[in-house]
Amino acid sequence: MSAEVWALGDAYEPYVGRWSRLVAADFLRWLDIADGCQWADVGCGTGAVTEAVLRFAAPARVIGIDQSEGFLAYARAHVTDPRAGFQVGTATALSLGDGEMDATISGLVLNFVPEPERAVAEMTRVTRTDGVIGAYVWDYADGAQFIRHFWDAAVELDPQARDLYEGTRFPLCHPDALASLFTGGGLAGVEVSAIDVPTRFRDFDDYWLPFLGGQGPAPGYAVSLAGDRRADLRELIRTRLPIEADGQIALTARAWAVRGRR
């Protein structure tokens, strides 16, 4: 089985980054934070959420935090707004002061944190009283269709692949679990909402090639396969996708968003 890698921004962007940007825009509209606030983006990755905050939320400052130097290098190169800064750190040990932020958020990260309760505690610690803590994660079990198509085919060909499938591994990626995580962390006014975005691919290569970048569970599994087994997986997925007459593939992806106040 493959090891997960999260390091190469150029490979991550076409796989998940481009869709995370769509979710981030709707997520920020839902949060509805006032202009001129101080933001922290925990697990900022390639800077998709940080960039969305700059574009849609009129912040005074955004601090992006991630443990991957590779992702941070990509973020610094592509997010050059002087209101943004990036630093190395983990979700469970933020190098920010108590109550320093007005809003602390995280996109597509909490399910990968071994102790998400500690991450929520840290996000709460660095947020001011009555400030907002928010997060979103993919609905791997059902709504993230581009990932679900991959794993349905992979598990059919290799039942052991089920152990890597995010829908099985991440029970946190459900509305009740997210609400429990935030209420259990002492947050007030906890709400959960579904965010659905279109994921339209130009053609099959636009769908398939990002899985060869090796970033994350599904791509990591794809590149671990021998050439003939990878070809079998590719062709089985091709037969399952709703490919239109012009070659395009129209799917949707659902994320679950959660918010609460300190």
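Author: An axis here is a line fitted to C-alpha atoms, for helices over the stretch in contact, and angles run from 0 to 180 degrees between N-to-C directions. The model under discussion is predicted.

Reader: How many helices and strands does the protein have?

Author: The chain is described by its helices and strands together. The count is 10 helices and seven strands.

Reader: What does the radius of gyration say about how compact the protein is?

Author: The C-alpha atoms fill a box of roughly 55 × 35 × 30 Å along the principal axes. The radius of gyration is 18 Å, close to the 18 Å that the globule rule gives for 262 residues, so for that length the protein is as compact as a globular protein.

Reader: Which strands form the edges of the open sheet?

Author: The sheet has seven strands with mixed pairing, in the order S3-S2-S1-S4-S5-S7-S6. Neighbouring strands of this sheet are turned by 20° against each other on average, direction ignored. An edge strand pairs on one side only, and the two that do so are S3 (84–88) and S6 (188–201).

Reader: Over how many bridges do S6 and S7 pair?

Author: Strand S7 comprises residues 249–261, and its pairing with S6 is antiparallel. Ser193 stands opposite Ala257 of S7, and Ala188 has Arg261 of S7 as its bridge partner. The total for S6 and S7 is 12 bridges.

Reader: How many bridges join S5 to S7?

Author: S5 and S7 run antiparallel. Trp138 stands opposite Ala255 in S7. The bridges that join S5 to S7 number seven.

Reader: At what angle to S7 does helix H7 run?

Author: Helix H5 packs on the sheet by touching S5 (127–138), S6 and S7, and its direction makes about 115° with that of S7. Helix H7 (residues 175–184) lies across S5, S6 and S7. The angle of H7 to S7 is about 25°.

Reader: Which class, nonpolar, polar or charged, makes up the contact of H5 with H9?

Author: The crossing of these two helices is left-handed. H5 contributes Phe150, Trp151 and Ala154, and H9 contributes Pro217, Ala218, Tyr221 and Ala222. The contact has no polar and no charged residues, and the seven residues are nonpolar.

Reader: Is the crossing of H5 and H10 left-handed or right-handed?

Author: The axes of H5 and helix H10 (residues 227–240) come within 9 Å and cross at roughly 125°. That angle makes H5 oblique to H10. The handedness of the crossing of H5 and H10 is right-handed.

Reader: How many charged residues does the contact of H5 with H10 hold?

Author: From H5 the contact takes His149, Phe150, Ala153, Ala154, Glu156 and Leu157, and from H10 it takes Asp232, Leu233, Leu236, Ile237 and Arg240. Seven of the residues in the contact of H5 with H10 are nonpolar and one is polar. The number of charged residues is three.

Methods
Residues are numbered from 1 along each chain as its sequence is written. This is a predicted model: local features need pLDDT of at least 70, side-chain atom pairs count only at pLDDT 80 or more; totals for chains, interfaces and linings use all residues. Side-chain values use heavy atoms; hydrogens and water are left out. A crossing is left-handed if the near helix is turned anticlockwise from the far one by less than a right angle, and right-handed if clockwise. Helices (H or I, at least four residues) and strands (E, at least two) are DSSP runs, numbered from the N terminus. Contact means heavy atoms within 4.5 Å. Ala, Val, Leu, Ile, Met, Phe, Trp, Tyr, Cys and Pro count as nonpolar, Asp, Glu, Lys and Arg as charged, and the others, Gly among them, as polar. Two strands pair if DSSP finds at least two bridges between them. The radius of gyration is taken over C-alpha atoms; the globule rule is 2.2 Å times the number of residues to the power 0.38. Angles under 35 degrees count as roughly parallel, over 145 as roughly antiparallel, 65 to 115 as roughly perpendicular and the rest as oblique.
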